[in-house]
Amino acid sequence: MRKFSKFVAFGFVVSWCPTLAQSADDDLRHGIAFAGKHPISVYGGKSALMSAVSPADITITGRVMDDKGVTLPGVSVVIKGSTQGTTTDSDGSFKLVVPNASTVLVFSFVGYVKQDIPVGNKTSLIVSLTPDDQILNEVVVVGYGSQRKQDITSAVSVINMRDIGEQPANNPNQILQGRAPGVVVKQLSGTPGGAFQVRVRGIGSLGAGSDPLYVVDGFVVGTSIGQNLNANDIESITVLKDAASTAIYGARGSNGVVLINTKQAVNGKVNINLSLDYGVQSIPKTRRVTMLNGPEFAQFKKEIFMDQIRILQNREPKEDEVPIGYRFPEQTKYSTDWFDLITRNNAPYSDVNLTISSGTGPIKALFSAGYYKEQGTLKETSYDRFSVRSNLGGQVNKFINVGLNINGSYTRQNVATTDGRSNLVGGALLMDPRATPYDADGNLIPYINGVDGVFGFPNPLFMLKNLPRKRNISDLLTNAFVEVSFLQNFKFRSSANVKLNQNVYNEFRPSTIGNAVAPGTSGAPPRPATATDINENLINYSLDQLLTYKPRLGANHSFDVLAGYTAQQEQVRGLRGDGNTFPDDLVPFLGAASIRSSNSYEFGWSLLAFLSRVNYSYKDKYLFSATYRREGSSRFGAKNKYGDFPAASIGWRVTEEPFMPKTAWLSDLKLRASWGVTGNNDIGNYPSLAFVGANNYILGNSFAPGKVVNSFANSELKWEKSNQLDIGMDLALFNSKLVFNVEYYKKITNDMLLPVSIPSVSGFTTSLDNIGKVENQGFELGAEYRTNFGQVNFRTNANISFNRNKILAIKGANDALYSGNFYGGYNVQKVGRPVGMIYGYNKLGIFNTQAEIDAAPKQDGAIPGAMKFEDTNGDGVISYDTQDMVEIGNPNPAFTWAWTFAADYKRFDVNVMFLGAQDFDIYRNIEASTMNMDGVFNVLDKAKDRWRSAQNPGTNPSNVNSQGGTSYFKWSRESSNRYVYDGSYVWLKTITIGYNLPKFKSILSNARIFVTGNNLFMFTKYPGNNPDAGVRGGTQLNNDDESYPIPRTFATGLKLNF
Amino acid sequence: MKKIAILSLLFLCLTQFSCKDDFLVTTDPTRIGADLFYKNETQFLQALSGVYGQMQTITNSAYIFKEFTSDNTSLDFNPLDRGGAAGWEAFEFSSVNQGNGEIANLWNQYYSALYNANYTLEKLAGSTLDATIKGPIEGQLKFLRAYFYFDLVQYFGDVVLVTSTLDKPDKAFDLIRSPQADVWAQVEKDLKEAVTLLPATYPASQTGRITKGAALALLGKSQLTQKKYAEALATLKQITGYSLNPLYADNFNPAKKNGPESIFEVQYQGGNDLGEWSSFAYTFAPRLSADAVTGFANTTPGGRNIPTNDMIAAYESGDLRKDVSLKTSYTLKGAVVPIPYVIKYTHTHTLTGRTDDNWVVLRYADVLLMMAEAINEQTGPTSEAFGYVNQVRKRAGLKDLAGLDKATFKTAIMQERRVELAFENHRWFDLRRTRTPAELASFMNAYGLKEKAKPSVDRGGIAFNAQDYIFSDYEYFFPIPAPQILINTKLTQNAGY
């Protein structure tokens, strides 16, 4: 638990002094400076005087200044309890008529502490507002501790829930989206309860994972928090981005660290908070792909049949040659939109949370309970979560401080295999629209046989309804600490953290489910029913011992030291059972299967680390911080068990220098630089060891157990290490109304752990080795501006991130790693090039005639209508392999950005967020099927505009994405830039409008209702549902093979505080 | 006092996890570390079984490279799947290129098996096992290593010759191809050593292990392939204790596995969950035959290795082997579907997809025909040579051969081999052995013309590719897989590719 000391320094100044007021005009003319850092406010009210004032209207004039005496224009002056008011003019003056002397004026201005001032018997006021320097004094949670924001010398982004407003975030990753420069959050698929992908400052590793490390209330839980944490319980999130802040997490810090802090009881208050959200989700019409309907598809089939005769036999076909199934398209009986059949419009979700906190007494407590339920936009898919939390903590006596957080959750997910062309979403697009899902009695037909050469598929709705796949996760996250203060300046903190997780999965595939993408009736049911049951238990515990020393060294020096020791262990044990060939579909349990198999497994890892940190600052002006971690991990070879992770950072608060003029516009300027070493051990558990695995045989007609070696042993495997440099600037202008945050970083990952392709004559095709080197450098800019126009308070926040990565070394100079496949697109990792470049043939156009084919470099098997590819190696042949392939797209955006603006007026508030990514490419793999001219699948509406002949080549045959019309497979779906699209997008992500209800007696202290929309509109040329989609992992970037679509959400909610 | 108490408590907390070394040592409890294995006889026998197991993997797809490529078999053309099938169809259509995925798998499979043979041999050499235990294990491993190179050198020509394992993966980048002669020399060396190390027979509980006879048969075959006819004959003549099965069908009957004629067969076992079953019946059944051939519905037969018209016509009338080897149609739902298929490996079995059929690699009929070939190549036909061929023909219910000259006898032996050993993965190497690349090209192109004129199976109206069945001299060897050259530029490609 982090003690999160909130907004300190609420110093304010009100000057209300008759003598001053009398001479105000004169003094102000001479530009008096109001001195004193912490002036005393003087409430000069004498009740006798006040009562003597007549009830008639009083005209008040005055002037508003800041603490340095500089006048403030635009300050809102409102009569308390009403909407009447004014704002100060360009020299900070105002004039307002108030009803009586008991009137209280409210002075508010962005970046300053709001002040209530009783008018009393005065007609002239001089008001001095104190800057609300909570931004600078705010305490930020950092690794193994917390720091004042102004003292931080590393690249850290803080997201406070109070800045976000009410938005339906069912998942902590969603909160990160668009909030922090350098943090890119992608929702790869719309699966209910699915996790988002988070990348901090690009892809740092080609071989190990690139997910950041998550730390919940000080507990390092790993590279995923899954869906078990209720977003409603979160108080703030800190993202540590540079090495100076992450190196204290050592071998797991390379990809950034996300610190999540849950809500704690606030001192001295009893609070009951109830929130109810209800929303509906739908797949936006504009983000659906349009396939041909029944008659159109029959027409298409007819056309390609006839075109094929024209091209290959060079004659005009007779109509009666056309198979009867599609000879008369207008007679097509059915027209089914299979995708529409499986989607659910207005799929509801609801979220109910109750939080009770008590901040009185020595032990403060917060309890929360939540229930979240979401129906997916694909029928029968759903997700729900029960969660409870109890956060306890307090000072039990003068020396001892304790805390205990317990979070339990239970989630239930009904999933389906949706992603990829042979699964539900892709399959629904490809199915024959001339078939009907229902029989004459209105029952779902289990299987749609392939007719006229179209492939057969199981009815996707039947499959959703009859193929249960359930995942239930129970998760318990607990952490407790005792903190003992001793010898005045020492504190010792011992904490224990435990995570227990049980993950249960079961599915039953009844005999009525057929196979997808099967010719004719060959995939039709009945098929042997199968069942799978998996039960996995995880235990992760860590024990941290932290000793801090914070001596008081006088006003100019601030110094603190942290030393700690941590041990962590994780173990997973699983049991899996499979059943095959059930006599019937009546008993969906393994015991009923004729053939059964089972497997049990166990894996785990452990680490030990010593960590330390020194912070020093001189006069709050020169800041220095250094950390060091020495860590041992079970994952590495015997020779390299331990790694060292040092980091250091310096900061200079220029505005604290005496030579800097104290101007109103320059509130704060801090320059920072940091350097450090971090690691990445996300490479699986036993990479350095070679194992023998089973490969059995039969001898003497009996079973003969056999063993073969599975992998190369490499006892020299070591940490993947990153050296990272960060130069940053924090700039606050105009009394912190405008805040800039600028970062430049350069991160070089060395000794990258890569599964290197090795010549298979070694016995193995790949081997893990520390050989790669990748550079990520980038520039991040965050800006925030707060102001008000009259009574409208306005805040806007924008950030933009540029990340450039480059592979510096893989294996020798010419080496490259290829992944992917010939018909599905490749990604290549090449020295000197960015990560994950899309690779394939370069399309030059479409062959119109045999003469064009003959004139071009030899493309064996090409017929008119085939794509014409470039002979990049100039050997006169387009070889049917990767030899002529080149880079055809860059999956890495030139920049990503987010822009939020928020405003409130009286009781209303609005919050709008835009997100965008610019200039990046996507390999739209699914189009190799949805634009397959064989006639075996339904095709996109766009297919009507295909090339059909030299005379009828479609509207824009020279467009790189244009489709050749050949029904012959060759030279139409090979990996090429035909399938590469620009994915640039601008996404109006959310709009939230809220209204704060008036107080209801003393019962309801605060109440708010809101409406919100999420994923509202996307502006992009990309033809798919989601430009963030990708079906392959790791460095195989941006391969879109159609995933669970991303819904648009409309929600309304109510929040009550008692 | 209180302070001391607190401090000592702190100390306890700090040291509760002292840097115990074993805290950081974890190993996969579900697997055995390679460093802990290869210690005793049981473990060496298991390692040996592991390599035998890799023979199963190799055998499961060997028909692609040894029958498909030849004039014996074609494929049950699937007009609907023109994308995924291209890789293996290329072998039928003589259009294999270096990007072919089957070629990549082939190369990787053999070198993976070689690694385990080499690794076990190295560990065995360093072990303290008794020589009487070591000897047969070493002999079997050397046979297997020789077998792998015997195939590789004929598939690819010059190949990388690895007879030891690498201590570091990097070193694999320095390995280049060795001349064919060196590979053959290694094959002969290993087999000659195996001959001395292996027993002639094993107890019944060990049936299926490689015997001295197997080593001699493969050695003889190697010598024959290298045109060392005298040596080959001498070697083959040492093979004793084998005789022809009275019935040709017994060679393939799961109930009569490892019979008197069997010299070496890859062992499989169906009817249980042990994972050691074969499924050739399913691979070779026509695509749409459903349960008509295999007896089990709900499966998708492969339609591979479909006998060609040319193959079916090769049987003399009255040849008893024809009906044991193939059928020309199947009956589904009362309708006769005229698609031929191989039935040598199709027998009744109890569980879907899990057949009990072994795969015969070497049998005595092959040895008899090889001896006849070795004699004829040296001296022309002799009565001894006729005798060997006629033994085989007699069982097939055919008349004796007599009165042929060297050339016609050679043709007759090849014809006999073709039908006797049909679909047993001999045809491609037989064609290569008896022809120069140019002769092979004209032979294969002649076959191709026949297939193009009258395809053995219906093509659903889809025309042939221009390049289909065009066989060039260089296709005598397969291409070295492109991915291997891509990562190691020191590896050269075969000419022509």
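Predicted model: local features only at pLDDT ≥ 70, side-chain atom pairs only at ≥ 80, totals over all residues.
At 6% relative accessibility, Glu374(A) counts as buried, where buried means under 20% relative accessible area, exposed means over 50%, and partly exposed is in between (1.4 Å probe, protein chains only). Glu374(A) sits in strand β19 of chain A, residues 363-375. Strands here are DSSP runs of E with at least two residues, helices are runs of H or I with at least four, and both are numbered from the N terminus. Skipping neighbours within four places in sequence, Glu374(A) is in contact with Asn170(A), Pro192(A), Gly193(A), Gln281(A), Pro348(A), Tyr349(A), Ser382(A) and Tyr383(A); contact means heavy atoms within 4.5 Å. Glu374(A) and Val280(A) are 94 residues apart in sequence, yet their C-alpha atoms are 9.0 Å apart in space.

Residues are numbered from 1 along each chain as its sequence is written, chains are lettered from A and ligands numbered from 1 in the order in which they are written, and side-chain values use heavy atoms, with hydrogens and water left out.

## Two partly exposed residues in chain A

Val97(A) is found in strand β4, residues 93-98 of chain A, and is partly exposed with a relative accessible area of 44%. Beyond neighbours within four places in sequence, Val97(A) is in contact with Asp57(A), Ile58(A), Thr59(A) and Ile79(A).

Asn423(A) is in a loop instead, between β21 (400-414) and α11 (424-430) of chain A. With a relative accessible area of 28%, Asn423(A) is partly exposed. Not counting residues up to four places away in sequence, Asn423(A) touches Thr417(A), Thr418(A) and Ala428(A). Asn640(A) is 217 residues away from Asn423(A) in sequence and 44 Å away in space, C-alpha to C-alpha.

Most residues other than glycine have a negative phi, and most peptide bonds are trans. Against that background, a few spots deserve a look. The peptide bond from Pro525(A) to Pro526(A) is cis, with omega near 0°, and Pro526(A) lies in the loop between β25 (490-509) and β26 (530-549) of chain A.

Asn1015(A) has phi near 55°, a positive value in a residue other than glycine. Asn1015(A) belongs to strand β51, residues 1006-1020 of chain A, and is buried at 6% relative accessibility. Over in chain B, Tyr38(B) has a positive phi of about 60° although it is not a glycine. Tyr38(B) lies in the loop between β1 (32-33) and α2 (41-68) of chain B and is buried, with a relative accessible area of 5%.

## Chain B as a whole

Chain B has 18 helices and 11 strands, and its C-alpha trace spans about 115 × 55 × 50 Å along its principal axes. Of its 497 residues, 59% count as buried. Looking at contacts in chain B with a separation of 6 or more, residues 24 or more positions apart account for 70%.

One helix to pick out is α15 of chain B, residues 406-420: its 15 residues reach 20 Å from first C-alpha to last, close to the 21 Å expected at 1.5 Å a residue (the expected span is 1.5 Å times one less than the number of residues). Its buried residues include Phe409(B), Ile413(B), Glu416(B), Arg417(B) and Arg418(B).

## The cores

A nonpolar core is a set of buried Ala, Val, Leu, Ile, Met, Phe, Trp, Tyr and Cys residues joined through side-chain atoms within 4.5 Å. Which members of the largest core touch the most others? Of its 162 residues, these are Tyr111(B), Phe143(B), Phe148(B) and Phe156(B). Helix α5 (residues 131-156) of chain B gives the most to this core, with 13 residues. A second, separate core of 39 residues includes Val425(A), Met463(A), Ile513(A) and Val939(A).
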